[in-house]
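This note is intended for a colleague who is meeting the structure for the first time. The points below may be read alongside the sequence and the model.

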Amino acid sequence: MTRENVMEDEKLCFAVNRHSCLSSTQILIVCLLYEMGKGKTSRWHPYLMHLPHTYDILAMFGEFEKRALQVDEAVWVTEKAILKAKSEWKESHALMEDLMFRPQFLTFKAWVWAAATISSRTLHIPWDEAGCLCPVGDLFNYDAPGEESDIEDLEHLLSNSSIHDTNLLNGGKNIMVDAEQLDSHSQRLTDGGFEEDVNAYCFYARAHYKKGDQVLLCYGTYTNLELLEHYGFLLQENPNDKVFIPLEPTIYLSTSWSMESLYIHHNGKPSFALLAALRLWATPQNKRKSVGHLVYSGSQVSADNEIFITKWLSKTCATVLKNLPTSIDEDTLLLNAMHSSQDFFTFMEITKSMSSRDEIYTFLEAHDMKDAHSFTDEILSRKARRSMDRWKLAVQWRLKYKKVLFDSISYCTEILDSFIK
């Protein structure tokens, strides 16, 4: 399902052509809502009826769920996603009115649902940045690629390896190798793509699946916050997750590395760029040029320099953790209560003695639930249940964030202990 084939409808095509200022993604969202409005007369009706009724992308987070993320960066990303969705909805409103959408399809609720469908389910096609909706092809769950460095190493290998040679020696015989064919099968960096020669979207397995196994698909490299923003889920173990910490302005001035490269890995270790930037920053300005070759080769400048930056990193991570509203232990208890509760009443009973009750009462107030003990799961509103699901995602995300900071402190302690030995 693409913009092109939906716009074979003359009424839709005529209306869209009068609103050329809209992006291709906005037009595809309108196309999706237009087909939904057709009901059973839409050629896509069997597919559309199987789409999820709701999503948990950041643009759908309410004020409470947004604040539950706690970390300024995550709150800002959520606010930006919500504002973007509202802005694009308003820009597209005139087109939807031209198409005489029924009132329920003109609402922001309908728009953000369609936008979430496009964000989380479209597949890449080379001729349209909005992508396409592909029945069955959008059923695969996500499988994260390995470490970012692994991908970088593979790209380096591809650019320098012998697969670009047309002759390979094998058992004394010269074998002609099609480099493109080899790349598309054994060295494939993605799991699927539209192939013009067969006029179909093709998927390739990166593992030997057995009957009954879940087939997974790699969409690309994403942090957990990016997965939440675009797809509405996160991974318990994400090798591509990153944590950004506040840095001194002079740290940015001391290096040419981009801000996006200065982060802490999912295992608590600083990125190569962050480590290099800190080593240069801790070096007197008049000596930086002379030690630059050491820094950019990944080497230590001196023992004193390494001890100083390691202590600084540990202290900064500890300060960030201390300033957050809840601790790792409190988030763990809250998340366990969310997982183990069969209904909302049980959740309230389990969390009675928790120190993080303020957040729970804020949730109750956000949904006009003043007497929590009079509520059961049956009468908890659908809106409140969806909010609780997103609250759980927010707690999962912030807990992962805090654990990375904790692991970074542990990593720093190990480094400092090594100097004592």
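**Notes on the predicted model**

1. Val136 counts as exposed, because its relative accessibility is 57% and the cut-off for that class is over 50%. The residue belongs to the loop between strand 2 (128-132) and strand 3 (141-142). As a rule, most residues other than glycine have a negative phi. It should be kept in mind throughout that this is a predicted model.

2. Met100 presents a further case of positive phi in a residue other than glycine, with a value near 55°. This residue is placed in the loop between helix 6 (72-98) and helix 7 (103-106). With a relative accessibility of 64%, Met100 is therefore classed as exposed.

3. On the overall make-up, the protein chain contains 19 helices and ten strands. Of its 421 residues, 45% count as buried. The accessible surface of the chain amounts to about 23,500 Å², and 54% of that surface belongs to carbon and sulfur atoms. Among contacts in the chain with a separation of 6 or more, 64% are made by residues 24 or more positions apart.

4. The largest nonpolar core comprises 101 residues, and Leu32, Phe347 and Trp391 have the most contacts inside it. Helix 19 gives the most to this core, contributing 13 residues. A second, separate core consists of six residues, including Tyr142, Ala144, Tyr222 and Tyr231. In soluble globular proteins, nonpolar side chains tend to be buried together.

5. Which residues does Leu32 contact, leaving aside its neighbours within four places in sequence? They are Met1, Leu48, Leu51, Trp113, Ala114, Thr117, Ile118 and Leu133.

6. Helix 15 (residues 303-323) has 21 residues, and its span of 30 Å from first C-alpha to last is close to the 30 Å expected at 1.5 Å a residue. Its buried residues include Asn305, Glu306, Trp312, Cys317 and Leu321. The partners against which the buried residues of helix 15 pack are helix 12 (249-253), strand 10 (264-265), helix 13 (272-281) and helix 19 (382-420).

7. Tyr296 lies in the loop between helix 14 (288-295) and helix 15. Because its relative accessibility is 39%, Tyr296 counts as partly exposed. Together with Trp257 and Phe272, Tyr296 forms a nonpolar patch on the surface, and the three have about 300 Å² of accessible area together.

Note on methods
Residues numbered from 1 in each chain as written. Predicted model: local features only at pLDDT ≥ 70, side-chain atom pairs only at ≥ 80, totals over all residues. Heavy atoms only, no water. Helix = DSSP H or I, 4+ residues; strand = E, 2+ residues; numbered from the N terminus. Expected span 1.5 Å × (residues − 1). Buried < 20%, exposed > 50% of the residue type's maximum accessible area, 1.4 Å probe, protein only. Contact = heavy atoms within 4.5 Å. Core = buried A, V, L, I, M, F, W, Y, C linked by side-chain atoms within 4.5 Å. Areas by Shrake-Rupley, 256 points an atom, 1.4 Å probe, with all protein chains shown as cover. Patch = residues over 30% accessible without salt bridge, like charges linked within 9 Å, V, L, I, M, F, W, Y side chains within 5 Å. Salt bridge = Lys/Arg side-chain N within 4 Å of Asp/Glu carboxyl O.
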